[in-house]
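Dear colleague,

Please find below the structure that I am handing over to you, together with its sequence. My findings follow directly after it.

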Amino acid sequence: MIDLQVKPTIFGENTILRPFNMDEDFPYIEECLKDPIVLKYTGSTAGYDKEKTLLWYRTRNEQKDRLDLAIVDKEKQVLVGEVVVNLYDEKTHSMNFRILIGPNGRDKGLGTEATQLMVDYVFQNTDLNQLTLSVFDFNPRAKTVYEKVGFITDSVDKDDLEFEGEWIDSINMKLTRADWEKKRSGS
């Protein structure tokens, strides 16, 4: 098991990844979670419950088996999304990666930078073998970001989500430590 009790603050050129501060963050995370594009690309169908959501985010900094960080637009100093590493798989010594970018963070490269910062942090501060993720096939922007950072397609779950009467595939991707090291060294 990986101990992710330490919740770092990571500075990038345009973003800051930091622990959640719900007193100031909640209106912004709520805006992200209610955004129609976020709902579509995450396949969310459950109704929004403000109290449950607030309780969930208030406990993120206490979790030892996952790392949830707020993505802050450095220029505007507001939360624009979240980046998460969770779901430890003992067999493969890997964890799942996911990111959510709300309406105020799109089209600025913040998601790409936040993804790279989190991936680098995980491989520099743990001994995980790989990170995995799933992305719906109708989200080419996210697939492009993941590929840019070094994730490769591992498998496809056909017809994983029904959206507006159509079945959407889920693309399973992975980034191994060896591939991350190769990419970092430029080879």
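**Findings**

Helix α4 (residues 110-125) packs with helix α6 (residues 177-185) at an angle of about 115°, and their axes lie 11 Å apart. The model is a predicted one: local features need pLDDT of at least 70, side-chain atom pairs count only at pLDDT 80 or more, and totals for chains, interfaces and linings use all residues. Residues are numbered from 1 along each chain as its sequence is written, and side-chain values use heavy atoms, with hydrogens and water left out.

Helices (H or I, at least four residues) and strands (E, at least two) are DSSP runs, numbered from the N terminus. Axes are lines fitted to C-alpha atoms, for helices over the stretch in contact, and angles run from 0 to 180 degrees between N-to-C directions.

**Helix pairs**

α4 and α6 are therefore roughly perpendicular to each other (65 to 115 degrees; under 35 counts as roughly parallel, over 145 as roughly antiparallel and the rest as oblique). Their contact (heavy atoms within 4.5 Å) involves Q116, V119, D120, V122, F123 and Q124 of α4, and R177, W180 and R184 of α6. These residues divide into four nonpolar, two polar and three charged (Ala, Val, Leu, Ile, Met, Phe, Trp, Tyr, Cys and Pro count as nonpolar, Asp, Glu, Lys and Arg as charged, and the others, Gly among them, as polar).

In a second pair, helix α1 (residues 22-34) and helix α3 (residues 50-58) cross at roughly 125°, and their axes come within 11 Å. α1 and α3 are therefore oblique to each other. On α1 the contact is made by M22, D23, F26, I29, E30 and L33, and on α3 by K50, T53, L54, Y57 and R58. By class, this contact of α1 with α3 has six nonpolar, one polar and four charged residues.

**Strand β3**

Strand β3 (residues 67-73) is mostly covered, with seven of its seven residues buried (under 20% relative accessible area, with exposed being over 50% and partly exposed in between, for a 1.4 Å probe and protein chains only). L67, L69, I71 and D73 are buried on one side of β3, and D68, A70 and V72 on the other.

β3 pairs in the antiparallel sense with strand β2 (residues 15-18) over four bridges (two strands pair if DSSP finds at least two bridges between them). Antiparallel pairing also joins β3 to strand β4 (residues 78-89), over seven bridges. V72 of β3 is the bridge partner of I16, and V72 also stands opposite L79 in β4. Four residues lie between β3 and β4 in their hairpin, and Q77 in the turn has a positive phi of about 60°.

Yours sincerely
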